[in-house]
Amino acid sequence: MGDRYAPHVAEIRMALGDKVGESVILEDLEKLVKYRVPLEEAKRSIIKKYGGTGSVRKSLSELTPNDRMLEITVKILSVSKRDVDVRGVKRRILSGILGDGTGQVPFIAWREFDLKKNDVVGIKGAYVRLWQSQLQVNLGDRCEITKDVGEIPEIDAEILPTRLADVKAHMSNLCVVGVVLEARREVVSMKDGDGERTIIDGVLADESGKLRFTSWIEDERITPRKTLRIENVYVKPFRGVPTINISEEASISLHEEEITPIDGALHCSISELLKRDGALDVIVEGNVVSVRSGSGLIRRCPDCSRVIQNNTCRVHGKVAPVTDMRVKSVIDDGTGSIMLVLSSELTETLWGHTLREAEEMASKRAPDSVERDIRESLTGKRITARGNMNNGEYGASLVAESVSFVKRDVREEAIKLLKERGVHENA
Amino acid sequence: MLDRETAWRIFASEFNRSDLIERGEEKQAPHYLITPTGARCNRVFVVGVITESENIGRENDLWRARVADPTGTFTIYAGQYQSEAGIFISKAEIPSFVAVIGKARTYERGDGEIQRSIRPEELNTVDEYTRDLWILDTARKTLERIDSMRIGIKARIESEKLAEYLQSQKITRELSHGISRALKHYSEIEECLKRLEEEVYRAVRTILSEEEMTALRGEAIEEVIEPKEYVANVMEMLDTGNGVHYSDLTEAVSQAKITPETLETIIKELMSEGRCYEPTIGVLRIV
């Protein structure tokens, strides 16, 4: 029986520095296991009982979301201060990125530890949690930090940039490298009468994709065609698409190496697209597999544009409705499916009838005849749509900026396929 | 939000060869049909020709239709809960091109024989062009699955670990799972894949007219009338400045039915004529 636990007992003894005998540990462990305490928890509680710290030494690549009492030696790749409200108490916290030879992970320190950029420190008692599906090292009140770490291991000093395709909503302390495609400066007045301020809205691109950014600081280098490396940015969704935010905490530098931003829109399969939290300017091709009810003629509130029923807006009450036309459909390319929403103008492009014609049709025939006619003209057809994708709690949807039926030479493609497979000369 | 099941593109001949069913443990769990190429499908998308329709219901309407693609026929059943689809089938012009989006259903007869059908969610009349696009799309996706199956066969890895291996070969998680199940279940799989592959090519050829097929065959024959000149041309085409690897050349000319032995003879001839040389072993350059 004891054999089963031998490795765990050895591990506990190691953590306690041979203070406690093997048989005592085994007895405790067996008892806890009998009570169906999970093994990891049992080990931790025994170590604690006998006064061990139970810290586990790991490298950053070995971290898992439930690590407790962690011991790491790392370099502070970036750090910034922030004032937050923790249960009604103002607190100054630190956040940034830690790195060692194996990887880099964002961290948050709940106390104002003395940490500076490029410090190499030993940290004991840290814990890990998942924050917005990203691993994050947490330094709590009981955490010990030592600046004297003896022999400093070779530590990769560079912060690795995140590919724009991998940027997810709510990430923070991120480093990105990209080419500025657009930058518009705009003067806005601050909320609390704090005067005016120039912000820059634009688009950043790398080889994996494009994203919108907002810079809250003026920096002359943020101008089209410049390749920038921007450290310590944070991400917020804007209309469902992740948007990079550049604040005072960010540091901008010109990037030496040349990068080739994607040319035009990103062509991708729907399954690839669904891995993202959102994307700017993508093209997908697929078959319309469903035209949803709520397509066709709709009525909107004149004040807020919400779709309304019985001329009553749920915010503005009784209103004089504005008639509009749209398509809510699902397209599927055999790898996945996504909701595709078409405006009145794009509905007209695909369906071939104007809003006025739709209104005529509805008054002459049944009110749902427009929806039915749209369904008959689109279901099963192969279409290409270009637009922005957002992937929120209601699922993924593409708001199209342009759309068309696929027009390709099927004969040419058939010949190409047969040639590719080397079977074109067989009868 | 629950993920919507993807609509798989599968030819009728493959669909009708499928007899591996996967049901979830829970009551409402979806039901999947795993095909011989590892497509694990709950929903399918088909474009074909409706060739028959009949109401076979007794008390309630039960419409049955047959929809043909170039490889075989799908059976479609629309019962009382698919009344829109039933109306569509009852009014459909025969023959005409139709698009079907629906759920793959199976039914086990008394003698153990499995019947497959589609329960339609959407039915619509489409044009010939949409049908041709579907054939091309389905052909590409089926060939991709056949190739992936062959990677799975070649790997000779036990089925528990196969899915993981296939994912490391850039095959999607869904297909990897389907392939590991299909390989365990279907017997004589290699012959089956070979037949399916042939059927895919036949389906693609139906897009082409007789003249186009003749032209295609002619073109292919013309290419190898002068094997030596053909090889020299390919060598020149493949050379982007650093010469051509022998293996790349072998592969390129194999499509013109030039065997590695013939190729070796031709290269020797070209060398003796001083038209090409071998700067490093295994690399060739045209003079």
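In chain B, 60% of the contacts (heavy atoms within 4.5 Å) between residues at least 6 apart in sequence join residues at least 24 apart. The model is predicted: local features need pLDDT of at least 70, side-chain atom pairs count only at pLDDT 80 or more, and totals for chains, interfaces and linings use all residues. Residues are numbered from 1 along each chain as its sequence is written, chains are lettered from A and ligands numbered from 1 in the order of writing, and side-chain values use heavy atoms, with hydrogens and water left out.

**Fold and dimensions of chain B**

- Chain B holds ten helices and twelve strands; these are DSSP runs numbered from the N terminus, with helices being H or I of at least four residues and strands E of at least two.
- Chain B is more spread out than a compact globule, because its radius of gyration is 24 Å, well over the 19 Å that the globule rule gives for 287 residues. The radius is taken over C-alpha atoms, and the rule is 2.2 Å times the number of residues to the power 0.38.
- The C-alpha trace of chain B spans about 85 × 50 × 40 Å along its principal axes.

**Surface and charge of chain B**

- Of the 287 residues, 47% count as buried (under 20% relative accessible area; exposed is over 50% and partly exposed in between, with a 1.4 Å probe and protein chains only).
- Chain B exposes about 15600 Å², of which carbon and sulfur atoms supply 47%; the areas come from the Shrake-Rupley method with a 1.4 Å probe, and for residues only the protein chains shown count as cover.
- The 38 positive and 52 negative charges of chain B have mean positions 6 Å apart. Lys (at NZ) and Arg (at CZ) count as positive, Asp (at CG) and Glu (at CD) as negative, while His and the chain ends are not counted.

**Confidence**

- The average pLDDT (the predictor's confidence in each residue, from 0 to 100) of chain B is 89, and 97% of the residues score at least 70.
- Within chain B, confidence is lowest in helix H7 (residues 210–223), at a mean of 71, and highest in strand S1 (residues 7–8), at 98.
- For the complex, the predictor gives an ipTM of 0.76 and a pTM of 0.71.

**Backbone features**

- The peptide bond from Ile94(B) to Pro95(B) is cis, with omega near -5°; Pro95(B) lies in the loop between helix H2 (83–91) and strand S8 (96–108) of chain B.
- Asp281(A), in strand S15 (residues 278–291) of chain A, is not a glycine, yet has a positive phi of about 55°. Asp281(A) counts as buried, at 12% relative accessibility.
- Arg156(B), also not a glycine, has a positive phi of about 50° and sits in the loop between helix H3 (128–155) and helix H4 (159–168) of chain B. Arg156(B) counts as exposed, at 73% relative accessibility.
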